[in-house]
Amino acid sequence: MSDKVIRTSGLTRDFKAGGGGVVRAVDDLSLEVPAGVVFGFLGPNAAGKTTTIHLLLGLLEPTAGGAEVLGFDVRTRADAVRERSGALLEHSGLYERLSAEDNLEFYGRVWRLAPGERRARVQELLSHFGLWDRRKESVGTWSRGMKQKLAVARALLHRPSLIFLDEPTAGLDPVAAAALRDDLATLVAREGVTVFLTTHNLVEAEKLCGLVGVIRKGRLLALGHPDQLRAGTGGTQVEVVGRNFNGDLVALLRARAEVASAEIRNGRLVMELREGAGVAELTSLLVRAGAEVEEVRKGKASLEEVFLAMMEEEKK
Amino acid sequence: MPDALADVWTVAWKEFKEFFAHGSGMRGGTLGVLLLMAVISIFLPLQAGKAWVQSPMLLMYWAWVPLLLVTVNITHGHGQLLLYSPPVAIGIVGLSLLGATLAASAGVLVSLRAATVKQAQQILSMAMMLVAIVPLLGLQALSKQWQGRLAQWIASAGLMRVVLTAMAVLAVLDALLLAAAMARFKRARLILD
């Protein structure tokens, strides 16, 4: 197996739509994910993220193109891929009437771990996620955050070299999501597992992922480290603190070639500048137009801003 | 096959744990099972007496057979051990095993095509209802002459032959469904879905 855990080439999947039409859920997707990284697959709803996971696990047949996961062709060796992968898809796979310990014990038996190894691994995972003291409680009585931690533990139980997590923090409150994210980050780093993660949460992707892919309508729009993507926009974000910001001022800025976007956000003027734009010149323009400028902050766009800019660009 | 048996044991372990899960106690399924046991294994044998070890109707209650035997012997034995007649005993063992295999094979096939557990349960329930209703409707659809011939055959053939014929039919169905289920079953898929 090469150092690429996932390799897709022109991966395409169509679904039949009403009226005899066809919907292309994944469109000519080519990407490579190296071993040991957390790969974040970002995209809006119905972008094709979950369909891609199903294709990579061999749960769906590609319409065209192909994929190799852990060195196995997903068309012919899907069982081998699934044996070596963990997955947390739409459903947690947990039995609500069973205790946390019994849930993991059950999956340990399903994965045919030896009894001693099974016990040690269950204790290791429950301890890592802070659930050991509550291992005897029925899962049905737990909070969503705790259940989700247990579901991730279930996916990691048999020490897979690759895990697929489909929106693992969806529906969790910020505190629970952060706790799960932290536990996950330390565990995958310690065990060297490659993670294929889909998420809507761009802050999460920025914190967790070493490699990010952005998908929309089945097409891969960008692929790279979050820093690369931010740099790739070539622009600079400027935030101006002050007074007298209004619609006329925003219109004035938007009319200038070096300004990619401008808006008033929480009483502050936020601009995206194109490569080579002069901040001093724009600040002077603002003052001449009647704005009172107290502070000008310059920085690179966040991943969220890059993502939103890509979505806007794609719509045009 | 040993792997399949290990899986059967694992699922049985899980079902047992779920049934007697924390907190459900007597409030949940356990109380219901105890009530059912009381009705079928005590009340019905008391009502029927010795007929319960001789009647083919006993085949309908195969799961409760050991308890029925205890109750009938206590209440109607009078110092003599009451046992099942050979056709009934063979039917209890054979038909229950073949019937369970049929239900399990059908369950696997249905589960593979169903999107959710609930959908699988609904389809299987419908199939079970059809299995119970279709033969009855079929019998009613027969002309009086054919119904008479069938009744005559059952009476002349004897219970043993009827039981063996039913077992043969079930065995053929089992073989077909089991082969189809084993051909389509993908173990690795179970873990992820």
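In what order do the elements of chain B run from the N terminus on? In this predicted model, the elements of chain B follow one another from the N terminus as α-α-α-α-α-α-α-α, and the chain accordingly counts 8 helices and 0 strands. Of its 193 residues, 9% count as buried, while residues 24 or more positions apart account for 70% of those contacts in chain B that have a separation of 6 or more.

Confidence in the prediction was considered both for the whole model and along chain B. The model as a whole scores ipTM 0.71 and pTM 0.71, and for chain B the mean pLDDT is 78, with 81% of the residues reaching 70 or more. Within this chain, confidence is highest in helix α7 of chain B, which spans residues 144–184 and has a mean of 87, whereas it is lowest in helix α8 of chain B, residues 187–192, where the mean is 64. Where pLDDT is low, the predicted coordinates should not be read in detail.

The contact between the two chains takes 15 residues from chain A and 11 residues from chain B. On the side of chain A that touches chain B, helices α2 (78–83) and α3 (100–110) of chain A each supply at least two residues, and α3(A) gives the most, with 4 residues. When the residues on this side of chain A are sorted by class, 7 are nonpolar, 2 are polar and 6 are charged.

Notes
Residues numbered from 1 in each chain as written. Chains lettered and ligands numbered in written order. Predicted model: local features only at pLDDT ≥ 70, side-chain atom pairs only at ≥ 80, totals over all residues. pLDDT = per-residue confidence, 0-100. Buried ≥ 20, exposed ≤ 12 C-beta atoms within 10 Å, placed from the backbone. Contact = placed C-beta atoms within 7 Å. Nonpolar A, V, L, I, M, F, W, Y, C, P; charged D, E, K, R; others polar.
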